[in-house]
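Open the structure in your viewer, try each task yourself, and then walk through the solution.

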Amino acid sequence: MSFFDVLLLALALSVDAFVVSFSYGLIIKKHRWLNGMKIALAVGGGQFLMPIAGWYCSIPVSAYVARFDHWLVFLVFGILGLNIIINALSTEVGKLEKNLTLPVLLAVGLATSIDAMAAGVSLYFAKVQIFGAALFIGLTTFILSLVAFYLKRFFKKLPRQKMEIGAGVILILLGVKVLCEHLFWS
């Protein structure tokens, strides 16, 4: 597997994290630098750790996780998306910033990187040095997630509530997309 192959893999694995980071970037107004770093570290860290886990666990764990990974991603993104929509419809502004807790960040990091575990298995069979590849995948995801989070600057004139509802819908649709890919299109 060449460097170009690992680059393409990193970009493909970063797509979900990019969308999630963009969604949070639309709605988080306070402590933007800190919250952007938190989300980028969560998804980048997940994309770094999960290929290593897949590489070391190889076939037995991958076969087991593959049976329900799409349901897990669907549930996590669905719950996060509904939570954002409910918060958007509440009268309390800024509630989401308070909800960007360690458990939420871990859930986002896990949900956006489950497919990276399967990639780690394939890297094992391709005889790729896992730590270099995983570091590259994690850094790519981190950088793209930061970029996505800060794209909000182009959307700052839109009303807060509509952006929050849109962000929640994006997360829910991302979960539905993953579920449909595994149930109908795989």
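Leaving aside neighbours within four places in sequence, which residues is S23 in contact with?

**Solution.** Before starting, note that this is a predicted model, in which local features need pLDDT of at least 70 and side-chain atom pairs count only at pLDDT 80 or more, while totals for chains, interfaces and linings use all residues. Residues are numbered from 1 along each chain as its sequence is written, and side-chain values use heavy atoms, with hydrogens and water left out.
- Step 1: apply the contact criterion, heavy atoms within 4.5 Å.
- Step 2: read off the partners, which are A167, I170 and L171.
- Step 3: check the accessibility. S23 has a relative accessible area of 0%, so it is buried (buried means under 20% relative accessible area, exposed over 50%, partly exposed in between, with a 1.4 Å probe and protein chains only).

**Exercise 1.** Where does S113 lie, and why does it count as buried or exposed?

**Solution.** 
- Step 1: locate S113 in the loop that joins helix 5 and helix 6.
- Step 2: its relative accessibility is 1%, so S113 counts as buried.
- Step 3: list its contacts, again leaving aside neighbours within four places in sequence: G46, Q47 and M50.
- Step 4: compare sequence and space. S113 and G44 are 69 residues apart along the chain, and 8.7 Å separates their C-alpha atoms.

**Exercise 2.** Which residues of the largest nonpolar core touch the most other members?

**Solution.** 
- Step 1: set up the core as a set of buried Ala, Val, Leu, Ile, Met, Phe, Trp, Tyr and Cys residues joined through side-chain atoms within 4.5 Å.
- Step 2: among the 44 residues of the largest such core, Y24, F77, L80 and L123 have the most contacts with other members.
- Step 3: trace where the core comes from. Two or more residues are given by each of helix 1 (3-27), helix 2 (32-66), helix 3, helix 5 (102-111), helix 6, helix 7 (130-150) and helix 8. Helix 1 contributes the most, 10 residues.
- Step 4: zoom in on L80, which touches Y24, V104, V108 and L171 when residues up to four places away are not counted.

**Exercise 3.** What is the volume of the largest pocket, and which residues lie nearest its centre?

**Solution.** 
- Step 1: On a 1 Å grid over the protein atoms alone, a pocket is an open set of points with protein on both sides within 12 Å along at least five of seven lines, and lining residues have an atom within 4 Å of a point.
- Step 2: the volume is about 210 Å³, taken as the space filled by probe spheres set on the points, with grid points joined across faces, edges and corners.
- Step 3: of the 13 lining residues, D16, D69, D115, V178 and H182 are nearest the centre.
- Step 4: assign the lining to elements. Helix 3 (69-89), helix 6 (114-125) and helix 8 (160-183) each give two or more residues, and helix 8 has the largest share with 4.

**Exercise 4.** How many aromatic pairs does the structure hold?

**Solution.** 
- Step 1: pair rings of Phe, Tyr and Trp (its six-membered ring) whose centres lie within 6.5 Å; planes under 30 degrees apart are stacked, over 60 edge-to-face, and the rest tilted.
- Step 2: the count is 6.
- Step 3: take W55 and Y124. Their ring centres are 5.3 Å apart and the planes meet at 75°, so this pair is edge-to-face. W55 belongs to helix 2 and Y124 to helix 6, so the pair ties together parts 69 residues apart in sequence.
- Step 4: widen the view to one aromatic cluster formed by W55, Y56, Y124 and F131.

Methods:
On a 1 Å grid over the protein atoms alone, a cavity is a set of points where a 1.4 Å probe fits but cannot get out, and a pocket is an open set with protein on both sides within 12 Å along at least five of seven lines; lining residues have an atom within 4 Å of a point.
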